[in-house]
Amino acid sequence: MAAKVKMDQELHEEIRALRIQLQEAEETLDAIRQGEIDALVVSGPEGEQVFTLQGADHPYRLMVETMREGAVTVALDGTIVYCNQSFAELLGTALERLPGTSITSYVADEDASPFAEIMEADKRESSKGEIKLKSETGILVPVSVSRSPLQLEQLPAVCLVVTDLTEHKHNEELRVSEKLAKALHEQSKMLLAREQVARCDAETANRVKDEFLATVSHELRNPLNAILGWSGLLKSREPNKDQAKHGLEVIERNARLQLKLIEDLLDVSRIESGKLAFSFGALDVVGIIEAAVEGARPAAVAKQIQLNSIAGNAGTIVLGDAARLQQVVGNLLSNSIKFTPAGGTVDVELNTQLGNAVITVTDSGEGISPEFLPFVFDRFRQEDASTKRLQGGLGLGLAVVRHLVELHGGNVTAESLGVGRGARFTVRLPLATVRDAMTATVSKDNEEFIEPGTEHKSLLLDGVKILVLDDEIDAREFLQILLSKNGAQVKVVATASEAYREVQGDLPDILICDIGLPGEDGYEFIRRIRSLKESSSANIRALRPAKRS
């Protein structure tokens, strides 16, 4: 009985304690609902659950503690209030050593100013930047810092999220290195390709040079052999009149051939050095073509080639050098005649088109292969440069044509349907304007060339005193005979010093001076002559010989 009473008393005590706890819980819930206590009431399947501020904050604190980025709470004076383990590991120091220290002591010296800008940005706004932090071992760690305002009741502060950029920078450097390596590889491939092209071009240039030198020696030796052979034959015995005439014709023809070869070489040299002499004026292209055709006709007749000229009416005016333009047409005709077999035809035609004078030279000759056509105007290039080739020449004529035409502001093209199907060369020269035609003298014909010994009253030099300065004895003797035959009083000297003495003693009416002289060249000599009082007003000109067709 006593035991039952005791049990009842204990039960009543438990019930009373439960009622007190229930009453306290209801009072707490009422206070929470009325906002008197900081807590959260969350309704769920199991009823209402209460989370106090301390309990609700725990997951977020745990998240900050375990995140990979560094998290730092910093007072406005820079003192570290709180930081997580990741920030301590980033600096390579113990976590407990960081609170209470200044955040600026861990900032790299050169980044003090950028970090200050991050910290001093608008306090109500977030800011971000990249700086370097100093680890405990002195290593500089690149980081990204994001600042957010953090309002605490007792302590105004900011929250910093610090991200380690070491791997990012390393990967970025790797990407840059890879790009650089790829670019260097591509550049190396390009340079290698260029080097291979340059080597191929150099090898081609060397081969062309060797072929050209072989061609030059062959082309110059053949006329010399004929000249020396016939001159020796004429001296060794008394030839009859016909033999002597034929021998002199052979000598003259081969001398002219050799002169043409040398002139082509000199023209290329002058063109490359920019020293090619020009005398521009308004020219009737019809006269230029007629003169070139007449110059080429003997070669065409000798090969039984029909040479036709359709030059049209006079009045097609261009600005240019008559001798050089005749050289252009003459070279094209000579080329076509050379590569056209006996019985073939060569036609030259003049038209006007789109403000240009268009000169076309068409032949029924050997034609040009498609492979060689792009190189037909190149210097020293011949489709067949072997010693077994059928045609002679240095391969300069068409190169000279291209340069001369371009110097006249025009262009030249070549066309051919292939080997054995002939070729066509087209020269386009800009027509002269009305003002050009009115202000320049129109010349229909080329320069007049007087053969040595030809009677011509305007060239009689009776009583004219002429001084000839040339270091070549053959040239001096030739000029002395030629000029004396026309009535001149001729003195010849071999050096500039001799000529200067002659000029000081008796100033000649005409001075003929070679340019290339030993010791003192013609230019220096002429400057000395100009310094003389007696010759200060003399008209001194540099002359070039007329082109012979």
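# A guided visit to a predicted model

Visitor: How far does helix α11 (residues 473-485) reach from its first C-alpha to its last?
Guide: Helices (H or I, at least four residues) and strands (E, at least two) are DSSP runs, numbered from the N terminus. Helix α11 has 13 residues, and the expected span of a helix is 1.5 Å times one less than its number of residues. For α11 the expected value is 18 Å, and the helix comes close to it, with a reach of 18 Å.

Visitor: Which residue takes a positive phi just after α11?
Guide: Step just past the end of the helix and look at the phi angle there. The value is about 95 degrees, and the residue is Gly487.

Visitor: What is the average pLDDT of the protein?
Guide: This is a predicted model, where local features need pLDDT of at least 70, side-chain atom pairs count only at pLDDT 80 or more, and totals for chains, interfaces and linings use all residues. Residues are numbered from 1 along each chain as its sequence is written, and side-chain values use heavy atoms, leaving out hydrogens and water. The pLDDT is the predictor's confidence in each residue, from 0 to 100. In this protein 78% of the residues score at least 70, and the average is 78.

Visitor: Which element has the lowest mean pLDDT?
Guide: At the other end of the scale, β14 has the highest mean, 95. The lowest mean, 49, belongs to strand β1 (residues 39-44).

Visitor: How many contacts does the stretch of residues 40-44 have in the model, beyond near neighbours in sequence?
Guide: Where pLDDT is low, the predicted coordinates should not be read in detail. The pLDDT over residues 40-44 is below 50. With contact meaning heavy atoms within 4.5 Å, the number for this stretch is 13.

Visitor: How many helices and strands are there in the protein?
Guide: Let us take the whole protein together. It has 549 residues, and 31% of them are buried (under 20% relative accessible area; exposed is over 50%, partly exposed in between; 1.4 Å probe, protein chains only). The count of elements comes to 13 helices and 17 strands.

Visitor: How many aromatic pairs does the count come to?
Guide: Rings of Phe, Tyr and Trp (its six-membered ring) pair if their centres lie within 6.5 Å; planes under 30 degrees apart count as stacked, over 60 as edge-to-face and the rest as tilted. By this rule, the count is one.

Visitor: What is the angle between the planes of Phe377 and Phe425?
Guide: The centres of these two rings are 6.2 Å apart, and the pair is edge-to-face. Phe377 sits in the loop between β12 (356-363) and α9 (397-407), while Phe425 is in strand β14 (residues 423-430), 48 residues away. Phe377 is buried at 9% relative accessible area, and Phe425 is buried at 1%. The angle between their planes is 85 degrees.

Visitor: Is Gln304 buried or exposed?
Guide: Gln304 lies in the loop between α7 (285-302) and β9 (306-310). Its phi is near 55 degrees, a positive value in a residue other than glycine. With a relative accessible area of 63%, Gln304 is exposed.

Visitor: What is the relative accessibility of Leu354?
Guide: Leu354 has a positive phi of about 50 degrees although it is not a glycine, and its loop runs between β11 (345-353) and β12. Leu354 counts as exposed, at 82%.

Visitor: Which residues is Ser148 in contact with, leaving aside its neighbours within four places in sequence?
Guide: Ser148 is in strand β6 (residues 140-151) and is partly exposed, at 30% relative accessible area. Its C-alpha is 5.8 Å from that of Val158, 10 residues apart along the chain. The residues in contact with Ser148 are Ser126, Val158 and Cys159.

Visitor: Which residues does Glu520 touch, not counting residues up to four places away in sequence?
Guide: Glu520 is in the loop between β17 (510-513) and α13 (522-530), and counts as buried at 17% relative accessibility. From Glu520 to Ala496, 24 residues apart in sequence, the C-alpha distance is 6.4 Å. The residues that Glu520 touches are Ala496, Phe525 and Arg528.
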